[in-house]
Amino acid sequence: MSGGDRMMMADGNDSEGKWEGTVPLRQSDKATAGAEAAERTMSRRKLLAALGAAGAAAVAYGTTLSIVNAGGGSPGSVTSTTYAGGEAACCGDFVKSSIASLRSNSSPEDGVLYYVTDPGQEGFFRYDSADSSTSDNTGLVLVSSTGARFKRIVENSLYSVKWFGAKGDGSTDDLDVIQKAIDEVFALGGGTVFFPKGTYIVAPYMQTRRIVPKSNVNLLGEGPNSVIKVKDDAGDYWTIIGNFQTWPKVSNVSIRGLRFDQNPTGNTTCNIDHRRTDYYWTQYCISLFDYENIVVEDCLFDPICGWNTVVLNNPASVGASVNNCTFHFVHARGYDGYDNSAVYMNGKRHTVTNCRFYAAPGEKAMGAIETHTGQSVVSGNVSDGYVTGVHIQSSEQSGEHADITVTGNTFTNAVHAIQFWPYKQYPLKNVTVSGNTISLANAAKARTMMVGIGAFPGYLPPDHTGSFENIAIVGNTITCEEEWTKRGNLLEAFCYGIGFVRETDVRNIVISDNIIKNAPITGIHIGNTNKIGTMANLQITDNVIINAGHYPAGNEAYKAAILLRSTVEGAVVSGNSIRETYETSQGLYSIRLNAADGTFTNVEVSDNRITSKQGGLWLDLHGSVKTDAADKYLKYTPVNFDDPLLESGTTYQAGTVVLAVGNTVDPGKSPAGYRIVGGGTFGVLAGVTATGAVGSYKVSVNDASALKVGQWIRIATGNQVRRINRIAGTELRVNAPLSAAVTVPSAVSFSPPAYYAIGHTGSLPALADTSGSTLTELEDEMNRLKQAMRDFGMIQT
């Protein structure tokens, strides 16, 4: 028989031998074949081993073990299809052959198994005498010169790309063959295209050449040694595997156990540049824009370089998962610092879990994960070197709530670790961020803004006005790099451990049980400079904030552990532990709710523990804030304010009400108390001089021993009145920059507060009966009445 060497199959000897001649060796010949036949038999066990080249991968991903008829015939069992008669009749003919031999076979026979031995294309074929029309596709159907159709027996619905002619040799462009395999399996109704170990070179080009995925056709490799690699100097391309949004929806597809190598060092002819007006330079690995039930799992993306790596982007699409994958970013040729995200998920019900993202210093990796629209979970991922760990955004399909959970991730060497974006007018609602561990490389990466967890503070288009509502940030750990050197590019209002600094509404926010260490400017920051939007129903409780505000800021109003601004309606700031550990004080405010920053209604600050080694960490609260803190806005004094016995250095801030509780009362004249309308410090300060540069918040004094944080001083040069916000040795930080240079030591004195008396104690003595009084006596009585009215403040002259 032409076309190859024939063998017997039996349940005995595993040895193999060749058959020579033209007469087939059939079952009836076994009685006379004797020992010679035994030399030529193949056991059922060995046959299954031959069939099982890809079986381990199939079992790993839960595929069933069955043999199907590759040419469109009915599926059959191992025994019925392979053995043609079951266990007892397992000894049909077996012929070794090659693809070329089968194509030249002029005498095919029914009931004979042809085993193709071409490297990478090994497997069993059978002759289908009933088929005269199916085309030769190399992988599943071979057509002989006489029109005979030989059809591959397929195990486990796994279809090797090498069956169709893929080489996997690291040099041959296999893209078209891979596409052919996908198309053929799709035509069969689905299955798995299998990539045996090897390096499969592909040369995608612009939007015209790529691997097009098909519904119900999975891609499966054997792990990191099954590599899909972009050809050297492939130039610009849109994607390796992908489909346009206008093309048919791709459903029920998994991509597992493959390595993608985008070859950024070898592709010297590309130009990744997001400023271009076309979108065929993006260099995606996997991209779908209309999808359902997509899984990318156990894949290695190393190295990657594109705008996105895995992008599943359609807010109306449903069901996607990226799990247990590794991404290694290397910046490619093109615009320096082009935008990029490794995993971009936009749609309903998607997950990104247990993935690893890595970029070496200097590679400018921007985003590890993006989750848009909602009903999503991002958990258990690890990122190192990416600017952003997770980008969270609403969309027009989010509805009343996004329902996004980001939990249990670790992001190191980040700058905007977990950031929230509204999409146009659509609010971002129902988000939980919990149990994440974050370390920021704010100094090393030297970007203009810094966010541990919170709203992206940078520029957004004017129509991006959506609010932030129903957000819980609980139990996270955020550690920032200490930053001691002032840099010109840092936008100080937009650097915080946790915060929402956007001109929009922020409602129903819980920030609780977090640890924030070394935030250079602000630990927790809510509100904005232009006081746009309402910050309502805020709960900031039981956080630990250490060494916030140590950066040498140009505008020290932001140097706070907790800072609330804009219109704040309903807020509780309670149970937080705020601490500075530096030997010399570096921070400024512990909690700042200053009248200059906004209005505060139904706001309570209570039970916070504030400690520092040397001054600083001033609690600056608006008079309307309800507080139990030591610096209350209701105080008591035993003497009148004009009494020289008032202790020197006593300070009162604007808005304070001081009640006089002394025993000495001048009836009708002694005030019941005082209302402070301008902050100041009473007393005499002798022998203290100061110098300082115009525009600076720093004032150097010769002796700070008599000074305290919060006091008001007057510098003689320029008659400059300033409040002391921090004392570090002989250096003061004051509340406003110096308006005039103090180049030579200038006298420093306390600046007393502005106040007015309220109420009077006791009663006036009775006035005499003026009947019969002379004109002179009446004038004297009138003068005493006018003086009493002056004492009461009823008249000013």
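Strands S27 and S30 pair in the parallel sense over five bridges, where pairing requires that DSSP finds at least two bridges between two strands. Strands here are DSSP runs of type E with at least two residues, numbered from the N terminus. Within this pairing, Ile392 has Phe420 of S30 as its bridge partner. Strand S30 (residues 416-421) also runs parallel to strand S33 (residues 450-455), to which four bridges join it; there the bridge partner of Ile418 is Ile453. Strand S30 is mostly covered, with six of its six residues buried. Buried denotes under 20% relative accessible area, exposed over 50%, and partly exposed the range in between, computed with a 1.4 Å probe on protein chains only.

The model is predicted, so that local features need pLDDT of at least 70 and side-chain atom pairs count only at pLDDT 80 or more, while totals for chains, interfaces and linings use all residues. Residues are numbered from 1 along each chain as its sequence is written, and side-chain values use heavy atoms, with hydrogens and water left out.

A second sheet is a barrel. Six strands close into it in the order S55-S56-S59-S58-S57-S60, with antiparallel pairing. Neighbouring strands of this sheet are turned against each other by 45° on average, direction ignored; the axes are lines fitted to C-alpha atoms, for helices over the stretch in contact, and angles run from 0 to 180 degrees between N-to-C directions. Strand S55 (residues 689-692) and strand S60 (residues 742-750) run antiparallel and are joined by three bridges. Thr689 has Ala747 in S60 as its bridge partner.

The structure holds 21 salt bridges, a salt bridge being a side-chain nitrogen of Lys or Arg within 4 Å of a carboxyl oxygen of Asp or Glu. One of these joins the side chains of Glu297 and Arg256, at 2.7 Å from N to O. Glu297 lies in strand S19 (residues 291-297) and Arg256 in strand S16 (residues 250-256), so the pair ties together parts that are 41 residues apart in sequence. Glu297 and Arg256 are both buried.

The side chains of Lys429 and Glu400 form another salt bridge, at 3.6 Å from N to O. This pair links distant parts of the chain, 29 residues apart: Lys429 is in strand S31 (residues 428-434), and Glu400 is in the loop between strand S27 (388-393) and strand S28 (404-407). Lys429 is buried, with a relative accessible area of 16%, whereas Glu400 counts as exposed at 59% relative accessibility. In the salt bridge between Arg487 and Glu483, the closest N and O atoms are 2.5 Å apart; Arg487 and Glu483 are buried. Asp128, Asp131 and Lys151 are linked in a network of salt bridges.

A search of the whole structure finds zero disulfides, with a disulfide taken as a pair of cysteine sulfur atoms within 2.5 Å. Cys270 is in no disulfide, and the nearest cysteine sulfur, that of Cys305, is 6.2 Å away. Cys270 is buried, at a relative accessible area of 1%. Cys495 is likewise in no disulfide; the nearest cysteine sulfur belongs to Cys480 and is 9.4 Å away. Cys495 is buried, with a relative accessible area of 2%.

His331 is placed in the loop between strand S22 (326-329) and strand S23 (341-353). With 19% relative accessibility, His331 counts as buried. A polar atom of the His331 side chain lies 3.1 Å from the backbone nitrogen of Gly337. Residues up to four places away in sequence not counted, His331 touches Asp336, Gly337, Tyr338, Glu363 and Lys364, where contact means heavy atoms within 4.5 Å.

Leu634 is found in strand S50 (residues 634-637) and counts as partly exposed at 41% relative accessibility. Leaving aside neighbours within four places in sequence, Leu634 is in contact with Val657 and Leu659. The C-alpha atoms of Leu634 and Gly655, which are 21 residues apart along the chain, are separated by 9.1 Å.

Methods
Polar contact = N/O pair within 3.5 Å; in protein donor to acceptor, adjacent residues only side chain to side chain.
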